Structures are given as C-alpha cells and as structure tokens.
Amino acid sequence: MAFRERIEKNTGNIFRSSEEGKYFPVVSRYTAGVAGQKFLEEIKENEKIFGTRCSKCEITFVPAKLYCERCFARMEKEHWVDVGTRGTLYSYTVAYEEKDGSPKETPSIIGAIKLGDGLLFHWIKESSADDLEIGMEVDAVFKPKGERRGSLVDIDYFKPKK
Amino acid sequence: MRKVAVVGAGMTKFVRRALETPKELSFEATKAALDSCEMKLEDIECVAHGSAPDAFDGIHQKGEYLADGCGGWNKPTMRVFNGGATGVHAVCHGWYHVASGMFDTCLVVCEEKMSNAMPHAQGFFLTIFDHITERPLYPNLLWIFAMEMNRYMEAYGYTKEDMAIAGALIKNHALNHPAAQLTEKVTVEDILNSEPMAYPVYRLDVSPVSDGAVAVVLASEKVARRLTDKPVWIEGVGWNVDTSYWTNKDLYYPRYLEVAAKMAYDMAGIREPHKEINIAEPYDPFNYKALHHMEGLQLSPRGKTVELLRDGHFDLDGEIPMCPSGGLLGVGNPIAAAGTVKIAELFYQLRGEAGKRQVPGDPRLGVAHAWGDLMQASSVVVMGK
C-alpha cells in the first residue's frame with residue numbers, strides 16, 4: 001500500500017486545512033517600505049540602482065535602506081548614492097531542477113552581484129555557466145519601460161559585460 | 001538578582017496600514033527609545049526582541065529578519081513570542097538579561113505589522129485551532145472571545161452596557177495618547193449600536209487592527225543612576241500558562257493571570273495589590289477583557305468589578321486607574337507592540353510625564369499585563385519608582 005493510501009485510510013474523511021470554498025483565503029500583501037519604495041521607483045522610472053552610504057561606518061548598503069544597521073544613523077536624501085548598473089559577479093549557482101524535482105529544460109543561473117558594498121541576487125542570462133567567472137563584470141538589463149511595475153524584476157536580468 | 005530599571009521608551013504611531021516595513025517600524029521605535037535617554041546603539045549590550053506569529057508580518061523566522069531594525073546587529077539578540085502575551089513577556093525576558101548580571105543594558109523591542117494580511121489577519125488565526133476537534137467547524141478567533149464574554153457576563157449578571165462603559169472609558173483615554181490610532185471620542189451608545197460580529201461581541205467591543213512598534217531601554221542600577229534622576233524600577237515579573245485546551249478553562253475567570261500576577265507581586269513584596277497598586281494596565285483586546293483581567297490581577301473582587309467601574313473606581317482620578325494609556329482598545333493592537341505600550345505607559349506615568357493622561361496623586365506603583373498564546377499565557381510586570 002502506498003504511503004498516501006495508508007494515510008488516507010484513516011484520515012480521508014476528516015479535516016483538510018484548505019478545503020475549497022471553506023477556508024479563510026488570506027494572502028500577504030507587503031509594502032516596499034520607506035526606503036524600498038524609492039529604491040524601486042528609481043529602477044522603474046530611471047533605470048537606476050540606488051544604495052545608501054553611511055559615511056561614519058563607510059558602508060554602501062545595496063539595496064538602499066532607511067537606516068545604517070551598525071550605528072543607527074538615519075539615511076537621509078544626501079546618503080542616497082547611484083551605484084550604477086554594472087556590478088561584479090561575487091558568486092553564482094546553476095539550478096538544474098524545478099521546484100517539483102523534475103529537470104529544468106534549460107538550467108537557470110542565479111548570480112550574487114556586488115553593487116556598492118551589497119549583493120543583489122538576480123538572474124544571469126546571455127551566457128552559459130561555462131563562460132562565467134567569479135569577479136567578472138555584469139550589466140543590468142531592464143525590461144522595457146511599459147512593462148516595469150516597480151519590482152525587483154523590472155531588472156530583467158544581468159549579462160556579462162560585452 | 002540585580003535591580004533593573006526602565007530608562008527610556010519610544011514608539012511609532014499606531015496605524016491601520018503603515019508604509020514602513022516591519023524592520024523600519026522597529027527601527028523607528030528603537031531609535032526613539034534610544035533618543036529618549038540620550039543613548040547610542042553602541043551603549044546597548046543586548047537585545048530582547050518580541051514579535052507574535054510570523055504569519056502577521058508574512059515572514060518566517062521574523063526574529064532574525066527584524067533583528068537589525070531592533071538594533072541587534074552584532075549583539076546577543078533573542079526573540080520571545082507567546083502571541084498576545086509577547087509585549088510584556090519580552091520585558092520579563094529583557095529583565096533577566098540584566099538582573100542576571102550578564103548585561104548592563106538591554107533594548108526590548110516589540111513589533112507587529114498586521115496589515116500585510118489581506119483581507120484580514122483572521123485568516124491566519126484559523127490555523128491555531130485543533131485540527132481534529134475544532135477546525136472542522138472552520139472556527140474564528142472571535143468565537144472564543146464571544147464565548148468568554150457571554151459566560152463572564154452570565155456568571156455575575158453583567159450586561160453589555162456594563163462592558164461598553166469599560167470600553168468607552170479606556171478608548172477615550174487614547175485621545176490623549178500621541179501614538180493612538182483612535183482619533184474620535186467613542187460613547188457607550190456608539191459601542192452598543194455598532195455592528196454585531198459574533199454575539200455578544202460587537203465591532204466596537206474589539207480593539208482595531210494595527211501596525212506599530214514599541215521599544216524600551218533597560219539598565220542595571222549603576223547605569224540607570226548615571227543616565228537619569230528618574231529611573232523606573234522593575235519590581236516584579238511573572239508569567240504562566242494555563243491549559244492549552246481553551247475549552248477546558250473557566251471562561252469567566254482568568255486563572256492563567258492569577259498565578260502570573262502572584263508571581264510578580266511576590267517578587268515585588270506586594271501582599272494586598274488592590275491597596276498597593278496605583279495604576280493598572282490590564283490586557284484589553286476586548287472591553288470585557290479589561291474587567292476580566294482586573295479580577296485576575298487581584299485588583300477587583302470577582303463579581304464586584306462592574307459596581308466599582310460604575311462608581312468611578314477605575315477612572316483616571318479613581319482608586320486604580322485602568323488603562324490610562326487608552327489600551328489596545330484605543331491606542332491600537334499591533335499584537336506584540338500593544339503589550340509593550342503598557343510598559344511604556346507605566347514608565348511615563350511613574351515619571352509624571354504622561355501629559356493629559358497623567359494619573360493624579362503621585363502614583364508610585366503600577367502593573368502591566370499581556371495575555372495570549374492559545375488564550376492560556378499571561379505575562380505581568382510590576383513597576384515602581
């Protein structure tokens with residue numbers, strides 16, 4: 001007898017947590033936050049990636065933050081710095097399997113891209129994994145303006161510098 | 001055990017939906033608390049953090065997520081959470097960090113962002129019920145309170161009007177609280193005429209849904225005396241859990257609170273709390289709950305609480321002012337943060353800094369309480385000057 005059949009022999013007729021039409025549908029709908037909103041607006045409207053620089057701690061946080069986590073200085077307008085759209089590949093991984101364990105048709109590459117003193121995780125495209133080298137420069141590719149909606153994925157992906 | 005003082009407090013405004021992320025709310029409260037006692041983050045040795053179920057902020061492991069907003073970067077940081085009881089329990093938790101001698105300063109930060117949950121955080125509460133004996137009925141959290149309120153009123157012959165009088169008293173205190181969500185006076189009639197939700201609970205019998213954060217700074221005696229002329233001492237702490245079967249409890253009497261309160265009173269050397277306590281901040285997510293908890297806190301004899309209420313015993317200028325802050329009913333209910341508001345309130349009141357909410361007559365001793373988990377946990381802190 002398969003595992004699921006054994007289970008359902010005893011529990012098939014009792015409560016399931018998400019029975020259609022009966023459970024309380026609830027989703028999390030987040031706010032970007034004070035810093036997050038400006039960070040995303042700059043991507044959407046201006047194709048710019050911003051960080052915030054704490055001059056006392058000498059750290060440029062990317063993505064931009066409302067405060068320096070080390071000294072609690074509030075990051076005001078003058079702390080916002082355009083870190084450019086070219087970063088360096090700090091690390092990467094290649095995903096070969098879908099979430100359900102089946103093989104991906106095309107493996108996808110996820111990079112940790114260093115911008116300022118922070119890392120942005122994003123897709124790497126227009127390159128095979130074999131051509132990647134840690135430390136190489138990569139450029140952000142933005143979606144066309146009409147398709148951007150104020151999200152991290154308004155940056156479509158990063159690609160190796162040509 | 002060493003003496004521990006509260007030396008600073010700060011909070012965000014409580015609102016229905018904040019733009020700030022949970023981290024940013026925590027930062028604002030923490031920064032305000034540090035500023036209030038002219039301390040810097042580098043003066044803080046550890047962080048005691050409190051936040052209720054992860055689901056509300058919509059981030060699992062939110063203790064770790066929130067840590068930097070609570071000033072926890074590169075410091076010993078630990079979260080406690082027991083649902084609604086978190087806000088006062090986090091102060092107990094911070095207290096033993098300092099009382100033990102391990103640390104001289106400790107930030108206690110509590111945050112909750114309820115508005116992420118769409119359409120309503122009630123959807124997350126469903127999953128706290130037993131999956132065999134309760135969830136097949138698709139229960140709602142309000143059912144518990146409705147059952148309790150009904151039984152409580154039945155036990156002593158209290159009426160819905162009695163409960164509404166308590167609600168209006170507490171809510172209107174919040175009009176003088178700068179962080180409060182409530183902005184308009186509420187009358188007993190408003191409460192009685194509000195929309196029925198689950199009988200006998202009507203819309204205005206309940207606290208609102210809120211986003212917000214509160215922080216307090218704790219210090220050992222030697223640090224406290226250096227920082228301020230007006231330290232407020234933590235005289236006693238207590239916490240307790242009753243049975244986790246809410247269906248197996250005396251719904252009319254909060255035994256979970258009696259035991260927690262006695263633990264705190266014993267530590268504080270209080271033998272007759274109803275004579276010694278000058279200010280009470282019982283946990284008040286519902287209006288009846290404030291009265292219910294006044295009985296559990298041993299500040300009012302069982303069954304006589306409405307009589308005392310109607311006699312003005314719990315008014316701002318009464319014998320034991322009840323929720324001078326405006327409580328969860330008026331200031332708002334960002335779950336964990338709502339408990340810590342009560343600690344902050346005692347801090348302001350005992351220093352004589354509560355403005356229009358100030359309890360007259362030089363109050364010397366106050367008690368704050370929060371309640372939660374599966375309706376069976378309580379945490380109590382007694383503070384004095």
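Let's start with helices α7 and α12 of chain B, which pack at an angle of about 95 degrees, with their axes 7 Å apart. That makes α7(B) roughly perpendicular to α12(B). Please keep in mind that this is a predicted model.

Who meets whom here? From α7(B) we have Asp162(B), Met163(B), Ala164(B), Ala166(B), Gly167(B) and Ile170(B), and they meet Asn287(B), Tyr288(B), Ala290(B) and Leu291(B) in α12(B). Sorted by class, this contact has 7 nonpolar, 2 polar and 1 charged residues.

While we are on α7, which covers residues 160–173 of chain B, let me point out Asn172(B) in that helix. Is Asn172(B) buried or exposed? With a relative accessible area of 17%, Asn172(B) is buried, because buried means under 20%. Leaving aside residues up to four places away in sequence, Asn172(B) touches Lys185(B) and Val186(B).

Now back to α12(B), residues 287–296, and another partner: helix α6 (residues 141–156) of chain B packs with α12(B) at an angle of about 60 degrees, and their axes are 10 Å apart. That makes α6(B) oblique to α12(B). The crossing of these two helices, α6(B) and α12(B), is left-handed. On the α6(B) side you will find Phe145(B), Glu148(B), Met149(B), Tyr152(B) and Tyr156(B). Their partners in α12(B) include Tyr288(B), Leu291(B) and His292(B). By class, the contact of α6(B) with α12(B) has 6 nonpolar, 2 polar and 3 charged residues.

Let's move on to the sheet. In chain B, 9 strands form an open sheet with mixed pairing, and if you want to trace the order on your screen, it goes β3-β2-β4-β8-β1-β9-β12-β11-β10. Which strands stand at the edges? They are β3 (77–80) and β10 (279–281) of chain B; each has a single partner strand, so one side of each is left without a neighbour in the sheet. On average, and ignoring direction, neighbouring strands of this sheet are turned by 25 degrees against each other.

As a quick reminder, strands of a sheet pair through backbone hydrogen bonds, either parallel or antiparallel. One pair to look at is β9 (residues 232–241) and β12 (residues 377–384) of chain B, joined in the antiparallel sense over 8 bridges. Along that pair, Trp233(B) stands opposite Gly384(B) in β12(B).

Methods: Residues numbered from 1 in each chain as written. Chains lettered and ligands numbered in written order. Predicted model: local features only at pLDDT ≥ 70, side-chain atom pairs only at ≥ 80, totals over all residues. Heavy atoms only, no water. Axes fitted to C-alpha atoms, helices over the stretch in contact; angles between N-to-C directions. Helix = DSSP H or I, 4+ residues; strand = E, 2+ residues; numbered from the N terminus. Parallel < 35°, antiparallel > 145°, perpendicular 65-115°, else oblique. Left-handed = near helix turned anticlockwise from the far one by under 90°. Contact = heavy atoms within 4.5 Å. Nonpolar A, V, L, I, M, F, W, Y, C, P; charged D, E, K, R; others polar. Pairing = 2+ DSSP bridges. Buried < 20%, exposed > 50% of the residue type's maximum accessible area, 1.4 Å probe, protein only.
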